[in-house]
Amino acid sequence: MNITLVTVGKLKEKYLKQGIDEYKKRLGAYAKVNIVEVADEKAPETMSEAEMEEVKRKEGERILAQVHPDAFVITLEIDGKMLSSEQLAKKLDELATYGKSKIVFVIGGSLGISEDVRKRSDLGLSFSKMTFPHQLMRLVLLEQVYRSFRIIRGEPYHK
């Protein structure tokens with residue numbers, strides 16, 4: 001399986017990079033993992049609704065340019081569907097079973113994702129009703145994908 005994370009912005013925090021590198025290494029036994037960072041759009045602190053939509057639109061174009069046409073796209077959205085770790089594992093297993101070997105997870109920028117990205121999404125996924133820093137979500141997502149593969153293979157992983 002080929003898993004790509006398309007994320008907005010550069011990851012700066014060393015501790016997050018270390019955690020992400022660790023989970024990428026662990027996931028190497030199960031899947032090919034690629035992280036693609038697209039540039040975030042520079043934006044002032046205060047913006048009108050139209051300006052915010054324009055920022056999301058520009059970031060969305062960059063995101064969609066990285067999405068393979070036959071990929072199954074999972075967007076991380078606060079209003080997405082909440083799944084347990086077991087349910088996410090089942091979903092990934094079903095995708096593999098039905099020949100969907102290219103999975104793209106999208107983590108938008110600080111304002112979220114554009115409507116065009118949302119339309120391209122095959123599944124909107126929410127980890128919580130809480131808001132998390134989008135850079136931290138890379139680490140959380142990779143940990144859950146790793147957990148999913150352990151569950152699929154029936155391998156031990158603490159609960």
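Modeller: Let us start with residue classes: Ala, Val, Leu, Ile, Met, Phe, Trp, Tyr, Cys and Pro count as nonpolar, Asp, Glu, Lys and Arg as charged, and the others, Gly among them, as polar. By these classes, the lining of the largest pocket has 10 nonpolar, 8 polar and 3 charged residues. The model is predicted, with local features needing pLDDT of at least 70 and side-chain atom pairs pLDDT 80 or more, while totals for chains, interfaces and linings use all residues. Residues are numbered from 1 along each chain as its sequence is written, and side-chain values use heavy atoms, without hydrogens or water.

Colleague: What makes a region a pocket?

Modeller: The rule uses a 1 Å grid over the protein atoms alone: a pocket is an open set of points with protein on both sides within 12 Å along at least five of seven lines, whereas a cavity is a set where a 1.4 Å probe fits but cannot get out. Lining residues have an atom within 4 Å of a point. Grid points are joined across faces, edges and corners, and the volume is the space filled by probe spheres set on the points. The largest pocket has a volume of about 510 Å³. Of its 21 lining residues, Leu76, Glu77, Ile78, Gly112 and Thr131 are the closest to the centre.

Colleague: Which element gives the largest share of the lining of the largest pocket?

Modeller: Strand E3 does, with 4 residues. Helices (H or I, at least four residues) and strands (E, at least two) are DSSP runs numbered from the N terminus. E3, E5 and H5 each supply at least two residues of that lining.

Colleague: How many residues line the second largest pocket, and which lie nearest its centre?

Modeller: The second largest pocket, of about 310 Å³, is lined by 19 residues, with Asp40, Glu41, Glu59, Ser110 and His134 nearest its centre. Strand E2 (32-38), helix H2 (49-64) and H5 each give two or more of them. By class, this second lining holds 7 nonpolar, 5 polar and 7 charged residues.

Colleague: Why is serine 148 counted as buried?

Modeller: Buried means under 20% relative accessible area, exposed over 50%, and partly exposed in between (1.4 Å probe, protein chains only). Serine 148 has 0% relative accessibility, so it counts as buried. Serine 148 is in helix H5 and touches Ser85, Leu88, Ala89 and Leu92, not counting residues up to four places away in sequence; contact means heavy atoms within 4.5 Å.

Colleague: Is threonine 4 buried or exposed?

Modeller: Threonine 4 has a relative accessible area of 17%, and is therefore buried. Threonine 4 belongs to strand E1 (residues 2-8). Beyond its neighbours within four places in sequence, threonine 4 is in contact with Asn34, Val36, Ile103, Val104 and Phe105.

Colleague: What makes a set of residues a nonpolar core?

Modeller: The set must consist of buried Ala, Val, Leu, Ile, Met, Phe, Trp, Tyr and Cys residues joined through side-chain atoms within 4.5 Å. In soluble globular proteins, nonpolar side chains tend to be buried together. Here the largest core has 29 residues, and Ile3, Ile103, Phe105 and Val145 touch the most other members. Helix H5 (134-152) is among the elements that supply at least two residues, and H5 gives the most, with 7 residues. Another core lies apart, of 12 residues, among them Val8, Val36, Ile63 and Val117.

Colleague: What kind of aromatic pair do tyrosine 30 and tyrosine 146 form?

Modeller: Rings of Phe, Tyr and Trp (its six-membered ring) pair if their centres lie within 6.5 Å; planes under 30 degrees apart count as stacked, over 60 as edge-to-face and the rest as tilted. The count comes to 3 aromatic pairs. For tyrosine 30 and tyrosine 146, the centres are 6.1 Å apart and the planes 65 degrees, and the pair is edge-to-face. Tyrosine 30 sits in the loop between H1 and E2, and tyrosine 146 in helix H5, 116 residues apart. Both tyrosines are buried.
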